[in-house]
Amino acid sequence: MDGASAAGGVSLLLLSLAGSTVRLAAPLVLAALAGLYAERAGVVDIGLEGKMLAAAFVGAAVASLTGSAAFGLGAGIAAALLLALLHGIAAIAAGGDQIVSGMALNLIAAGATPSLASAWFGQRGTTPPLPSGARFGPIALPLAQSLSEVPIVGRVYTAIISGHSLPVYLAWLAVPLTAFVLSRTRFGLRLRAVGESPEAVDAAGLSVARLRFAALAVNGALCGVAGVCLSMAQGNGFLRDMSAGRGYLALAALIFGKWRPWPVLSACLLFATADAVQARLQGVVLPGIGPVPVQLIQAVPYLITLAILAGFVRTARPPRALGKPYPTR
Amino acid sequence: MRRLCRALAALLIPAASLAVALSAVAGLVLIIGEDPGRALLTLVRGALGDLEGIGYTLFYATDYVFAGLAVALPFQAGLFNIGGEGQAALGGLGATLVVFALGDTPAPLVLAAAVVAAAGFGAAWAFVPAVLQARRGSHLVITTIMFNFIAAALMTWLLVEVLIAPGQSALETRTFPSALWLPTLADVTAGTRFDAGEAPLNPIALLALFAAAIYWILLRRTPLGYEIRAAGLNALATQAAGIRVPRIILLAVCSGGAFAGLIAINELFGAQHRLTADLTAGAGFAGIAVALLGRGHPLGVVLAAVLFGALNQGGAALSFDMPAVTRDVVTVAEGVVIFVCGMLDGVVRGHIGQSLRTLWTAPARQAV
């Protein structure tokens, strides 16, 4: 009896951990895929963080002013697209250093969002809490209620797959879609070509700059959804610095995932699991070990990425033309 | 011709970046709904209007000189060190450990040891990314970003579990003994006609100028500096010439880390007198803007540092005078400077440089 209830408790804990992993992975997946489009096209993007932050703020601000989640989503995407366009102008059109302009966008977003938030909403760099119509609430998938009593399959379906918000579903849809676009469409082939050998693309009569701008447009849209996911689905309004390094974490996941959609998803899930576990372990005392050093778990994704970068885990080869501006005619 | 191009870049790019950055601040103030003209005036007056403002400006400038050199030196070797923030935090840890370990040792000795420890810890924190870049080719930008986050986690853990002052809830160590507080402009001028209020400008500012001089001598007057610059211009040719490029990378990046570590000395012994979780307040990132605006020249770095010091102090005055405008506008200005510098650099090297070269070589071609 005791054993059975303990097992039940453990499985409940695992279910809820898995559920929150799926939820926490969403903004990472969206941002990492955004980085994937840019970097497979040869444009380094360390500005993921800034684009997410800008979208999180603009999305929440517009949603709270209009009371509409859809308007918020649109505005968030527009904000991220604007920053992506700026990155393109500096890095593609002007041939400037891609890392420098990415870093610049991060600083601009980090400074502008709390400035505007406190000026417009007067709440020390936050937006007011969103009413329920202005945020993305959980959506129960069909049959979730009636299947909840079915052992294993039903409970997994109810607790892990169902009950997430729109941006989370978008994130999960974006992975197969990206895999398909990259490997099965003309745009995807050209995108990969322009990241490996822009000269060949140029010689074939295609515009390197136009392809890279197109990649950045997809990048901006995905970053927009990622930011909106933070402030309008997982959070209830914008908080100062709410992206909290997730843009850089997504960059790490992109490297860990070798610039490929499915491995990138696994990397995001791993990092999200670390995040979910560290949230549970806050203040827990393990027998024989003492209190869990939460900070160590927080640092785990970065340590893993370093190990990969060092080539100790497995080698990853970035796109060949990554970071190299291509001269415009 | 090349000289013309370089002079153009050296004058035009900083001037344009500054103009765009100030317009960005003005634009932001306008969006917020305040008078941009009055805002810029308040900013300048707050930074340079009285002795206290100037004292604060130069105090922040001291941080930024170190931060700028931390980026500029590896940049000469063709490498981008974004890890100044983490390296400065570790520098603070080194200095703090020295202070608590040496106890009753005479203050000058403790201070000297703290300076060495801060530089050493900063360099040590840059060592792993440097080795990974030199031996494994792991991109320094990514590894130093990772190291910033690891440093933040490490410092939080140390402050929570080990270094926190007993009976305290705030994440900070014990206050340093007052013998270790450096005399500030505020102390010196207190009670005189030229009262500098609270301004924490202290002798470490001279150390910053000294560091800039060392940077210049190292780069321009030593064989190592030649090797660093050669590796930055063409690593393959440098390697072929028999210079060990991995060693150059290691030295350049670790020296950058040492400069970053010294930011902590200014903050710890000049102003805060205790180790906190957010010792550097983004100075490490400001260093990128300083190095780019100063275009790697020590004088340029010092001038850019003073400029950003003035912006930072002016931003504080601005947010005091206009509560709707927060200090975050300074971060925006930094970002805009970095953006415009990066973009114009590409333009000057690419388009303008190309057309100038065409202009220049056209008559020569006709002559042939």
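This is a predicted model: local features need pLDDT of at least 70, side-chain atom pairs count only at pLDDT 80 or more; totals for chains, interfaces and linings use all residues.
For the complex as a whole, the predictor reports an ipTM of 0.87 and a pTM of 0.87. The average pLDDT of chain B is 87, and 94% of the residues score at least 70. An exception is found at residues 360-368 of chain B, where the pLDDT is below 50. Beyond near neighbours in sequence, the stretch 360-368 of chain B has one contact in the model.

Between the two chains, 39 residues of chain B are in contact with 40 residues of chain A. On the chain B side, two or more residues each come from α1 (2-32), α5 (107-136), α6 (140-163), α12 (283-293) and α14 (328-367). Of these elements, α14(B) gives the most, with 15 residues. By residue class, the side of chain B that touches chain A consists of 25 nonpolar, ten polar and four charged residues.

The largest nonpolar core holds 237 residues, and the members that touch the most others are Leu30(A) and Ala253(A). When residues up to four places away in sequence are not counted, Ala253(A) touches Leu28(A), Ala32(A), Val264(A), Ala267(A), Cys268(A) and Phe271(A). In soluble globular proteins, nonpolar side chains tend to be buried together.

Helix α13 of chain A covers residues 294-309, 16 residues in number. The distance from its first C-alpha to its last is 24 Å, close to the 22 Å expected at 1.5 Å a residue. A bend of about 40° occurs in α13(A) at Val300(A), and the proline Pro301(A) follows within four residues. Pro301(A) is also among the buried residues of α13(A), together with Ala299(A), Tyr302(A), Thr305(A), Leu306(A), Ile308(A) and Leu309(A). The packing partners of these buried residues belong to both chains: α11 (246-256) and α12 (261-281) of chain A, and α5 and α6 of chain B. Both α5 and α6 of chain B are also listed among the elements that give residues to the side touching chain A. Just after α13(A), a positive phi of about 80° is found at Gly311(A).

Helix α7 of chain A, residues 166-184, has 19 residues. From first C-alpha to last, α7(A) reaches 26 Å, close to the expected 27 Å at 1.5 Å a residue. A kink of about 25° is located at Ala174(A), shortly before the proline Pro176(A). Ala174(A) is itself buried, as are Pro167(A), Val168(A), Leu170(A), Ala171(A) and Thr178(A) of α7(A). An α-helix has 3.6 residues a turn, so residues three or four places apart point the same way.

Notes. Residues are numbered from 1 along each chain as its sequence is written. Chains are lettered from A and ligands numbered from 1 in the order in which they are written. Two residues are in contact if their C-beta atoms, placed from the backbone, lie within 7 Å. Ala, Val, Leu, Ile, Met, Phe, Trp, Tyr, Cys and Pro count as nonpolar, Asp, Glu, Lys and Arg as charged, and the others, Gly among them, as polar. A nonpolar core is a set of buried Ala, Val, Leu, Ile, Met, Phe, Trp, Tyr and Cys residues joined through C-beta atoms within 7 Å. A residue is buried if 20 or more other C-beta atoms lie within 10 Å of its own, exposed if 12 or fewer, and partly exposed in between; C-beta atoms are placed from the backbone. pLDDT is the predictor's confidence in each residue, from 0 to 100. The expected span of a helix is 1.5 Å times one less than its number of residues. The bend at a residue is the angle between axes fitted to the seven residues ending there and the seven starting there.
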